[in-house]
Amino acid sequence: MKILVIEDDADIASNIGQYFEDKGHQLDFAYNGTHGLTMALAERFDLIILDLMLPGKDGITLCREFRQQTAHDTPILMLTARDTLDDKIIGFEAGTDDYLVKPFSLRELEVRVLALVRRGLGSKNSAIMRIDNLELNQDTMQVSRASQPIKLKPKAFRILTYLMQHADRVISRQELIDHIWSADPPEGDPLRVHIHSLRQEIDKPFDKELIHTVHGVGYRIGSEHL
């Protein structure tokens with residue numbers, strides 16, 4: 001496994017490096033945010049371990065710019081001394097996949113890293129995704145809930161696919177807009193229209209809502225609210 005560690009504390013970076021290299025993994029290091037973003041964009045890594053407080057460019061900014069500038073769905077685990085819900089929401093909005101609060105054990109870091117990589121491989125290798133009783137087949141573009149077929153327009157299908165691929169985190173409105181419309185940003189607020197349409201098809205006929213709004217942030221899909 002190839003891991004990029006972006007951490008300005010040389011002792012922490014060294015400890016992470018020694019632990020993972022002893023287990024046969026390949027690690028590259030950056031000690032400030034500017035260099036870290038350059039390295040993250042220049043090569044393909046299996047995972048990025050990213051410190052929140054960095055010189056040059058902080059972890060939130062780096063994460064957001066990385067998600068905006070590449071189509072690579074590289075998992076990002078953020079290291080932080082902050083453990084409030086607001087801080088986590090800001091991180092998830094920027095594109096972080098998981099958090100680990102300092103101080104941490106290297107064993108816990110390893111468990112979280114392996115879980116993120118397995119999750120990423122699973123979503124890439126499987127054409128069929130399931131959340132609760134909702135099923136989406138990326139190959140056939142078929143969607144069903146509780147075995148009832150659901151017909152979606154192409155953009156609604158792409159939005160649902162992206163939400164299900166990232167069901168472990170909150171997706172910001174801007175991230176969805178960038179992904180769906182990329183270089184041709186829409187006028188008005190078509191995302192809100194498509195989300196409303198999705199809810200009419202995915203949620204309204206059923207007892208349990210799966211598409212949730214995280215106010216001031218964006219959307220997530222799952223069986224429970226945050």
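Domain bounds come from an automatic or database domain assignment. This is a predicted model, in which local features need pLDDT of at least 70 and side-chain atom pairs pLDDT 80 or more, while totals for chains, interfaces and linings use all residues. Residues are numbered from 1 along each chain as its sequence is written, and side-chain values use heavy atoms, without hydrogens or water.

**View 1. The two domains of the chain.** The assignment gives domain 1 (2–123) and domain 2 (128–221). Their C-alpha centres lie 27 Å apart. The contact (heavy atoms within 4.5 Å) takes 11 residues from domain 1 and 9 residues from domain 2.

**View 2. The salt bridge between D97 and R169.** The side chains of D97 and R169 meet at 3.6 Å, N to O; a salt bridge is a side-chain nitrogen of Lys or Arg within 4 Å of a carboxyl oxygen of Asp or Glu. Between domain 1 and domain 2 the count is 1 salt bridge.

**View 3. The surroundings of R67.** R67 counts as buried because its relative accessibility is 14%, where buried means under 20% relative accessible area, exposed over 50% and partly exposed in between (1.4 Å probe, protein chains only). The R67 side chain reaches the backbone oxygen of G95 at 2.9 Å. Leaving out residues up to four places away in sequence, R67 touches residues including D97 and R169.

**View 4. The largest nonpolar core.** A nonpolar core is a set of buried Ala, Val, Leu, Ile, Met, Phe, Trp, Tyr and Cys residues joined through side-chain atoms within 4.5 Å. Of the 26 residues in the largest one, L160 and I221 touch the most other members.

Conventions. A polar contact is a pair of N or O atoms within 3.5 Å; within protein, one must be able to donate a hydrogen and the other to accept it, and residues adjacent in sequence count only if both atoms are side-chain atoms.
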